[in-house]
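I opened this notebook to record what I looked up in one structure. The entries below follow the order of my reading.

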Amino acid sequence: MSEYENMINKLVLTDRTKIAYKYAYKKLTDALEANIGQSTEKNILNTIPEISKSINTQSSFLNIAILIFKSIDKNHDKLLNQREKNKIEIQTKKDMGNEQKLKDLPTFKTLELNLEKLYVNKQYQEFIINYILLKLGVRNKDLNLLIVRKKKDTNKTDNFLIVRGTDILLLRQDYKTVKSYGKKENAIKSDKFRKAVLELLKENDNMTPTPLLKKSNGSRIGEDSLFNYITSRTYNNISESDILKVQLEHINQMGNLNKLNSLSRNRGTNVATLVNDYNLTKFELE
């Protein structure tokens, strides 16, 4: 059994990860001109930068080397130390990139004013899309929904906007983390949002269900078109993830834990992930 097979057989991996590991293993062994387990830590650390200048790519080679060394019970402290250094560099670059991106993004107030403009201009579809993104912090997939007048007209798999007596119910059953958090319901009590939904139905001859995101022939768009379709209808064509950054920066500036918890629930992402991934400095995790 080869050292690679010995290593891989001890792990539970997806097919995609196995392909990535096999590629990294071959690249590293070719560069070393030897099996990884027969090489020294010093030789591996000197060789990896010759294969790639990218810190992320270098880390993938380090991971393979560490896994091989672990599988044969060979000391690999120097490899672990370098991986930790790489993690710090990667996170530092990510934080710097996020800071620069935030400088280039609109403010939360600007996005709120854009909502008002869309409503006044009777751009009801765009208003609904941007309202849900800005107020609830959802992903593109959540917006691939149908508008109906009664809950009995829903099914158990799609996302819906349901017209009710005094509000609009957003029902999500198809979103990224549904397996972890289950279906989600949000009662949207905004009069403007309610009117926008009703006006959009009128534009579609009150046909229900009516897709919020649809092609020129009235049919729903495909999931592979969500990003381009939605960004073409947002302020300055910014993405859903950019809108989330604006929301989180606004929440961070206020230090409002209630709003952070609310966004966490709506998006289906735990608070710790939001705090760590978006560098929310006003919130400390125990």
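Entry 1. I noted at the outset that the model is predicted.

Entry 2. I searched the whole structure for aromatic pairs and found five. I looked up Tyr119 and Phe127, which form a tilted pair, with 5.3 Å from centre to centre and 55° between the planes. I then checked burial, for which the cut-off is under 20% relative accessible area. Tyr119 counts as buried because its relative accessibility is 17%, and Phe127 counts as buried because its value is 2%.

Entry 3. I turned to Tyr131 and Phe193, another tilted pair, whose centres are 4.8 Å apart and whose planes make an angle of 40°. Tyr131 belongs to helix α7 (residues 124–136) and Phe193 to helix α9 (residues 191–203), so this pair ties together parts 62 residues apart in sequence. I recorded both Tyr131 and Phe193 as buried.

Entry 4. I asked which residues form one aromatic cluster. They are Tyr119, Tyr124, Phe127, Tyr131 and Phe193.

Entry 5. I looked for charges over rings. Arg172 places its charged end over the ring of Tyr175, 5.5 Å from the ring centre. The charged end of Arg233 sits over the ring of Tyr229, at 3.6 Å from its centre.

Entry 6. I located Thr231 in helix α10 (residues 226–231). Thr231 counts as buried because its relative accessibility is 8%. A polar atom of the Thr231 side chain lies 3.4 Å from the backbone oxygen of Asn228. Leaving aside residues up to four places away in sequence, I found that Thr231 touches Asn237, Ile238 and Ser239.

Notes. Residues numbered from 1 in each chain as written. Predicted model: local features only at pLDDT ≥ 70, side-chain atom pairs only at ≥ 80, totals over all residues. Heavy atoms only, no water. Helix = DSSP H or I, 4+ residues; strand = E, 2+ residues; numbered from the N terminus. Buried < 20%, exposed > 50% of the residue type's maximum accessible area, 1.4 Å probe, protein only. Polar contact = N/O pair within 3.5 Å; in protein donor to acceptor, adjacent residues only side chain to side chain. Contact = heavy atoms within 4.5 Å. Phe/Tyr/Trp six-rings, centres within 6.5 Å; stacked < 30°, edge-to-face > 60°. Lys NZ or Arg CZ within 6 Å of the ring centre and 35° of its normal.
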